[in-house]
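Work through the exercises below with the sequence and the model on screen. Try each task before reading its solution.

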Amino acid sequence: KQHGHVTTLGLNLFEELLNEAVEELRTGQSAHWRDLDIDLPMKPSADEYIFASSQEKIHFWQKISWLRTTEELQEEAEKIASPSPAIDDALFIQKLKIYCQTTPIHRITSRRLAGTDDTIIELQLTSTLTPEQIRQLISQQPNWNIANEQLKIKISQLTDWRRDLLAAVQLIANRQTPLMSL
(Lines give C-alpha, C1' and ligand atoms only; values in the text may rest on other atoms or scores of the structure.)
Protein backbone atom coordinates (compact mmCIF):
# COMPACT_ATOMS: atom_id res chain seq x y z
CA LYS A 1 0.00 0.00 0.00
CA GLN A 2 1.35 3.45 -0.93
CA HIS A 3 0.93 6.56 1.16
CA GLY A 4 1.33 10.32 0.76
CA HIS A 5 3.57 11.55 -2.03
CA VAL A 6 4.16 8.07 -3.45
CA THR A 7 0.44 7.58 -4.12
CA THR A 8 0.25 10.96 -5.84
CA LEU A 9 3.33 10.23 -7.91
CA GLY A 10 2.05 6.78 -8.85
CA LEU A 11 -1.38 8.00 -9.95
CA ASN A 12 0.06 10.97 -11.83
CA LEU A 13 2.53 8.75 -13.67
CA PHE A 14 -0.27 6.32 -14.56
CA GLU A 15 -2.40 9.20 -15.85
CA GLU A 16 0.50 10.57 -17.91
CA LEU A 17 1.22 7.17 -19.48
CA LEU A 18 -2.47 6.67 -20.25
CA ASN A 19 -2.70 10.12 -21.88
CA GLU A 20 0.39 9.36 -23.98
CA ALA A 21 -1.13 6.07 -25.17
CA VAL A 22 -4.44 7.75 -26.08
CA GLU A 23 -2.62 10.54 -27.95
CA GLU A 24 -0.51 8.00 -29.84
CA LEU A 25 -3.64 6.08 -30.87
CA ARG A 26 -5.43 9.28 -31.85
CA THR A 27 -2.61 10.80 -33.95
CA GLY A 28 -0.58 7.76 -34.95
CA GLN A 29 2.53 9.49 -33.62
CA SER A 30 4.45 8.69 -30.48
CA ALA A 31 3.61 11.06 -27.66
CA HIS A 32 6.51 9.78 -25.55
CA TRP A 33 8.20 12.47 -23.49
CA ARG A 34 11.98 12.26 -23.47
CA ASP A 35 13.45 13.27 -20.15
CA LEU A 36 16.73 15.00 -20.94
CA ASP A 37 19.81 15.31 -18.81
CA ILE A 38 20.32 19.06 -18.34
CA ASP A 39 23.10 20.31 -16.09
CA LEU A 40 23.67 24.04 -16.44
CA PRO A 41 25.40 26.61 -14.23
CA MET A 42 22.42 27.70 -12.19
CA LYS A 43 22.94 29.64 -9.00
CA PRO A 44 21.75 27.85 -5.87
CA SER A 45 18.99 29.65 -4.03
CA ALA A 46 17.10 29.27 -0.82
CA ASP A 47 13.83 28.09 -2.37
CA GLU A 48 12.80 26.49 0.91
CA TYR A 49 11.77 29.99 2.04
CA ILE A 50 9.38 30.38 -0.91
CA PHE A 51 7.14 27.45 0.02
CA ALA A 52 5.09 27.04 3.18
CA SER A 53 5.80 23.30 3.40
CA SER A 54 7.87 20.59 1.78
CA GLN A 55 4.64 19.16 0.32
CA GLU A 56 3.90 22.51 -1.38
CA LYS A 57 7.44 22.57 -2.75
CA ILE A 58 7.19 18.99 -4.13
CA HIS A 59 3.81 19.77 -5.69
CA PHE A 60 5.21 22.87 -7.42
CA TRP A 61 8.26 21.08 -8.89
CA GLN A 62 6.06 18.17 -10.05
CA LYS A 63 3.63 20.55 -11.73
CA ILE A 64 6.44 22.32 -13.60
CA SER A 65 8.06 19.04 -14.70
CA TRP A 66 4.76 17.76 -16.15
CA LEU A 67 4.15 20.78 -18.40
CA ARG A 68 4.55 19.72 -22.04
CA THR A 69 4.01 22.89 -24.08
CA THR A 70 5.39 26.41 -23.95
CA GLU A 71 1.80 27.67 -23.65
CA GLU A 72 1.23 25.59 -20.50
CA LEU A 73 4.57 26.79 -19.14
CA GLN A 74 3.68 30.45 -19.82
CA GLU A 75 0.28 30.03 -18.15
CA GLU A 76 1.93 28.54 -15.06
CA ALA A 77 4.60 31.27 -14.97
CA GLU A 78 1.88 33.95 -15.01
CA LYS A 79 0.27 32.38 -11.91
CA ILE A 80 3.44 32.79 -9.85
CA ALA A 81 3.04 35.82 -7.59
CA SER A 82 6.67 36.30 -6.60
CA PRO A 83 9.16 34.39 -8.73
CA SER A 84 12.60 33.60 -7.36
CA PRO A 85 15.89 32.59 -9.04
CA ALA A 86 15.09 28.92 -8.28
CA ILE A 87 11.66 29.19 -9.89
CA ASP A 88 13.07 31.06 -12.90
CA ASP A 89 15.68 28.30 -13.27
CA ALA A 90 13.01 25.58 -13.14
CA LEU A 91 10.91 27.36 -15.79
CA PHE A 92 13.98 27.84 -18.03
CA ILE A 93 15.03 24.18 -17.74
CA GLN A 94 11.50 23.00 -18.53
CA LYS A 95 11.33 25.32 -21.56
CA LEU A 96 14.60 23.80 -22.82
CA LYS A 97 13.18 20.30 -22.31
CA ILE A 98 10.04 21.21 -24.26
CA TYR A 99 12.01 22.55 -27.23
CA CYS A 100 14.43 19.60 -27.15
CA GLN A 101 11.59 17.09 -27.63
CA THR A 102 11.71 17.50 -31.42
CA THR A 103 15.49 17.65 -31.69
CA PRO A 104 18.32 15.12 -31.61
CA ILE A 105 19.57 16.77 -28.39
CA HIS A 106 19.66 14.26 -25.55
CA ARG A 107 21.93 16.01 -23.06
CA ILE A 108 22.94 19.58 -22.25
CA THR A 109 25.79 19.93 -19.81
CA SER A 110 28.22 22.54 -18.61
CA ARG A 111 31.68 22.31 -17.21
CA ARG A 112 34.10 24.83 -15.80
CA LEU A 113 37.22 25.36 -17.88
CA ALA A 114 40.27 24.63 -15.71
CA GLY A 115 42.21 27.69 -14.64
CA THR A 116 39.56 30.15 -15.87
CA ASP A 117 36.32 31.73 -14.78
CA ASP A 118 34.66 30.49 -17.96
CA THR A 119 32.23 27.64 -18.46
CA ILE A 120 31.59 25.64 -21.60
CA ILE A 121 28.11 24.45 -22.57
CA GLU A 122 27.89 21.17 -24.47
CA LEU A 123 24.89 19.82 -26.38
CA GLN A 124 25.07 16.07 -27.03
CA LEU A 125 23.13 14.88 -30.09
CA THR A 126 21.89 11.48 -31.20
CA SER A 127 22.59 12.39 -34.87
CA THR A 128 24.36 15.10 -36.84
CA LEU A 129 22.83 18.35 -37.99
CA THR A 130 21.97 19.11 -41.58
CA PRO A 131 24.23 21.51 -43.49
CA GLU A 132 21.39 24.07 -43.41
CA GLN A 133 21.08 23.80 -39.62
CA ILE A 134 24.83 24.27 -39.26
CA ARG A 135 24.72 27.33 -41.55
CA GLN A 136 21.85 28.85 -39.55
CA LEU A 137 23.49 28.09 -36.21
CA ILE A 138 26.80 29.65 -37.28
CA SER A 139 25.05 32.70 -38.75
CA GLN A 140 23.21 33.12 -35.45
CA GLN A 141 26.30 32.58 -33.26
CA PRO A 142 29.63 32.04 -35.06
CA ASN A 143 31.44 30.71 -31.98
CA TRP A 144 29.71 27.31 -31.88
CA ASN A 145 32.19 24.44 -32.15
CA ILE A 146 30.38 21.72 -34.10
CA ALA A 147 31.88 18.24 -34.24
CA ASN A 148 29.95 15.09 -35.15
CA GLU A 149 27.23 14.74 -32.53
CA GLN A 150 28.34 17.51 -30.20
CA LEU A 151 27.97 21.29 -30.07
CA LYS A 152 30.10 23.39 -27.71
CA ILE A 153 30.37 27.05 -26.84
CA LYS A 154 31.90 29.09 -24.04
CA ILE A 155 29.43 31.09 -21.99
CA SER A 156 31.72 34.12 -22.36
CA GLN A 157 31.12 33.97 -26.13
CA LEU A 158 27.39 34.45 -25.66
CA THR A 159 25.73 37.80 -25.00
CA ASP A 160 23.00 36.34 -22.81
CA TRP A 161 23.76 32.65 -22.40
CA ARG A 162 20.21 31.60 -21.47
CA ARG A 163 18.58 33.46 -24.35
CA ASP A 164 21.28 32.40 -26.84
CA LEU A 165 21.16 28.73 -25.77
CA LEU A 166 17.37 28.70 -26.06
CA ALA A 167 17.61 30.33 -29.51
CA ALA A 168 20.06 27.63 -30.67
CA VAL A 169 17.79 24.84 -29.40
CA GLN A 170 14.79 26.48 -31.08
CA LEU A 171 16.71 26.72 -34.35
CA ILE A 172 17.51 22.99 -34.19
CA ALA A 173 13.89 22.20 -33.25
CA ASN A 174 12.54 24.08 -36.27
CA ARG A 175 14.56 22.13 -38.81
CA GLN A 176 13.11 21.95 -42.29
CA THR A 177 14.80 18.74 -43.46
CA PRO A 178 15.32 15.39 -41.75
CA LEU A 179 18.49 14.89 -39.77
CA MET A 180 21.27 12.85 -41.26
CA SER A 181 22.38 9.89 -39.19
CA LEU A 182 26.00 8.91 -38.84
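Helices (H or I, at least four residues) and strands (E, at least two) are DSSP runs, numbered from the N terminus. This is a predicted model, in which local features need pLDDT of at least 70 and side-chain atom pairs count only at pLDDT 80 or more, while totals for chains, interfaces and linings use all residues. Residues are numbered from 1 along each chain as its sequence is written, and side-chain values use heavy atoms, with hydrogens and water left out.

**Exercise 1. The chain as a whole**

Task: State how many helices and strands the protein chain has, and the order in which they run.

Solution. Step one: the protein chain has six helices and five strands. Step two: read from the N terminus, the order is α-β-α-α-α-β-β-α-β-β-α. Step three: of the 182 residues, 36% are buried, where buried means under 20% relative accessible area, exposed over 50%, and partly exposed in between (1.4 Å probe, protein chains only). Step four: take the contacts (heavy atoms within 4.5 Å) between residues at least 6 apart in sequence; 66% of them join residues at least 24 apart.

**Exercise 2. Helices α4 and α6**

Task: Describe how α4 and α6 are placed against each other, using the distance and the angle between their axes.

Solution. Two packed helices are described by the angle between their axes and the distance between the axes. Axes are lines fitted to C-alpha atoms, for helices over the stretch in contact, and angles run from 0 to 180 degrees between N-to-C directions. Step one: the axes of α4 (residues 85–100) and α6 (residues 161–173) come within 9 Å and cross at roughly 20 degrees. Step two: α4 is therefore roughly parallel to α6, given that angles under 35 degrees count as roughly parallel, over 145 as roughly antiparallel, 65 to 115 as roughly perpendicular and the rest as oblique. Step three: the crossing is left-handed; a crossing is left-handed if the near helix is turned anticlockwise from the far one by less than a right angle, and right-handed if clockwise.

Step four: list the residues that meet. From α4 come Asp88, Asp89, Phe92, Lys95, Leu96, Tyr99 and Cys100, and from α6 come Trp161, Arg162, Leu165, Leu166, Val169, Gln170 and Ala173. By class, nine residues in this contact are nonpolar, one is polar and four are charged. Here Ala, Val, Leu, Ile, Met, Phe, Trp, Tyr, Cys and Pro count as nonpolar, Asp, Glu, Lys and Arg as charged, and the others, Gly among them, as polar.

**Exercise 3. The neighbours of α6**

Task: Find which elements the buried residues of α6 pack against.

Solution. Step one: the buried residues of α6 are Trp161, Asp164, Leu165, Leu166, Ala168, Val169, Leu171, Ile172 and Ala173. Step two: these buried residues pack against α4, β2 (105–112), β3 (119–125), α5 (131–140) and β5 (150–154). Step three: take α5 from that list. The axes of α5 and α6 are 10 Å apart, at an angle of about 160 degrees, which means that α5 is roughly antiparallel to α6. The crossing of α5 and α6 is right-handed. Step four: Gln133, Gln136, Leu137 and Gln140 of α5 meet Ala167, Ala168, Leu171 and Ile172 of α6. This contact has five nonpolar, three polar and no charged residues.

**Exercise 4. Helices α3 and α4**

Task: Work out the direction of α3 relative to α4 from the angle at which their axes cross.

Solution. Step one: the axes of α3 (residues 70–79) and α4 come within 10 Å and cross at roughly 170 degrees. Step two: that angle makes α3 roughly antiparallel to α4. Step three: the crossing of α3 and α4 is right-handed. Step four: Thr70, Leu73 and Ala77 of α3 touch Leu91, Gln94, Lys95, Ile98 and Tyr99 of α4. Five residues of this contact are nonpolar, two polar and one charged.

**Exercise 5. Two loop residues**

Task: Locate Gln157 and Asn148, and decide whether each is buried, partly exposed or exposed.

Solution. Step one: Gln157 sits in the loop between β5 and α6. Its relative accessible area is 29%, so Gln157 is partly exposed. Leaving aside neighbours within four places in sequence, Gln157 is in contact with Gln141 and Asn143. Step two: Asn148 belongs to the loop between β4 (145–147) and β5. Asn148 counts as exposed because its relative accessibility is 60%. Step three: check the backbone. Most residues other than glycine have a negative phi. Asn148 is not a glycine, yet has a positive phi of about 50 degrees.
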